[in-house]
Amino acid sequence: MDAEREREIIRLWNELRRLQREGRPTASMVRRIEQALAAREQEAA
């Protein structure tokens, strides 16, 4: 797995948690995380 991709996923998760704490909308961030995880899965296959 690409270390840069893994860092990006972690960064997205941290941003999601920050948005949740602030009570801001998170739907677009969840979609970005899902896309990043899907891309990671495709590379692993």
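These notes cover the fold, the helix faces and the surface of the chain.

1. This is a predicted model, in which local features need pLDDT of at least 70, side-chain atom pairs count only at pLDDT 80 or more, and totals for chains, interfaces and linings use all residues. Residues are numbered from 1 along each chain as its sequence is written, and side-chain values use heavy atoms, with hydrogens and water left out.

2. The chain has two helices and zero strands (DSSP runs: H or I of at least four residues for helices, E of at least two for strands). Its C-alpha trace spans about 35 × 15 × 10 Å along the principal axes.

3. Helix H1 covers residues 3–22. Its buried residues are Ile9, Leu12, Leu16 and Leu19 (buried: under 20% relative accessible area; exposed: over 50%; 1.4 Å probe, protein chains only). Seen down the axis of H1, they fall within an arc of 85°, so they line one face of the helix (the arc is that of the directions from the helix axis to the C-beta atoms). They pack against helix H2 (27–44), contact meaning heavy atoms within 4.5 Å.

4. In H2, the buried residues are Met29, Ile33 and Ala36. Their arc down the axis of H2 is within 65°, so they too line one face of the helix. These buried residues pack against H1. Gln35, Glu41 and Gln42 are exposed, on the face of H2 turned away from its buried side.

5. Buried residues make up 18% of the 45 residues in the chain. The chain exposes about 3,500 Å², of which carbon and sulfur atoms supply 50% (Shrake-Rupley method, 1.4 Å probe).

How values were computed. The expected span of a helix is 1.5 Å times one less than its number of residues.
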